[in-house]
Amino acid sequence: MFKRSALATMLIAATTPALAHTGQPAFSGFLAGFTHPLTGLDHTLAMVGVGLFASLLGGRALWAVPASFVGMMLVGGMMGLASIEIPAVEFGIAASIIVLGAVVSLGRAWPVGAAMTLVGVFAIFHGYAHGAEIPAGAGAALYSLGFTLASAVLHGLGIVLGAAAARQAYAGRLAGAAVAVAGVVLLIG
């Protein structure tokens, strides 16, 4: 009986929303899409985490890892626009923050293909949230262009922060740990 209760409690906790998708601005189109990743701490942390991860790997990962995220985010966005259900979206978003932060904090090199796959899977959840929460009257194309551009800007910020942290011992690893802890806080919210 205790095991069932504990499992039920964990499942309920895992499905609790991060509540970062409330209070969307009243404007539509490009600006609404652009502000979405910037106004949700969960999205901001994940996008910066992708940039930190790409910076950690260097080389072609600097463009390939963020490009994988953006491409799969658009796939997830189309799923959200089409009202195709994805279970546990908020949990997937929180997990992306925790995992990306943990990966960066460990400071280990990954094969670029594996890194692209990891961020691509998480990107589906983020894209879905963007697409499912498109404001009424917002054009899907302009909205998508907005959230794509904002995501790329945040990836760039993460890359710049990662490059700056590489000059300081353990700074990048501490940044990753901070992202992971923030993800845990959002998850237990």
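1. Which residues does Val-65 touch, not counting residues up to four places away in sequence? In this model, which is predicted, the contacts of Val-65 are with Val-50, Ala-54 and Leu-57, and also with Ala-115, Met-116 and Val-119.

2. Val-65 also belongs to the largest nonpolar core, a set of 31 residues in which Val-65, Phe-53, Phe-69 and Val-119 are those with the most contacts inside the core. At least two residues of this core are supplied by each of the helices H3 (41–57), H4 (61–81), H5 (89–106), H6 (112–132), H7 (140–166) and H8 (171–188). Among these contributions, the largest share is that of H3, from which 9 residues come.

3. Apart from this core lies another one, made up of 6 residues, and its members include Val-89, Phe-125, Tyr-128 and Ala-129.

4. Helix H2 (30–39) and helix H7 each supply at least two residues of the patch, and H7 gives the most, with 4 residues.

5. A search of the whole structure for aromatic pairs finds 3 of them. One is formed by Phe-30 and Phe-34, which are stacked, with 5.9 Å from centre to centre and 25 degrees between the planes. These two residues are 4 residues apart in helix H2, so about one helical turn separates them.

6. Another pair is that of Tyr-143 and Phe-147, which is edge-to-face because the planes of the rings stand at 75 degrees, with the ring centres 5.7 Å apart. Being 4 residues apart in helix H7, Tyr-143 and Phe-147 are separated by about one helical turn. Are these residues buried or exposed? Tyr-143 has a relative accessible area of 1% and is therefore buried, and Phe-147 is buried as well, with a relative accessible area of 1%.

How values were computed
Residues numbered from 1 in each chain as written. Predicted model: local features only at pLDDT ≥ 70, side-chain atom pairs only at ≥ 80, totals over all residues. Heavy atoms only, no water. Core = buried A, V, L, I, M, F, W, Y, C linked by side-chain atoms within 4.5 Å. Buried < 20%, exposed > 50% of the residue type's maximum accessible area, 1.4 Å probe, protein only. Contact = heavy atoms within 4.5 Å. Phe/Tyr/Trp six-rings, centres within 6.5 Å; stacked < 30°, edge-to-face > 60°.
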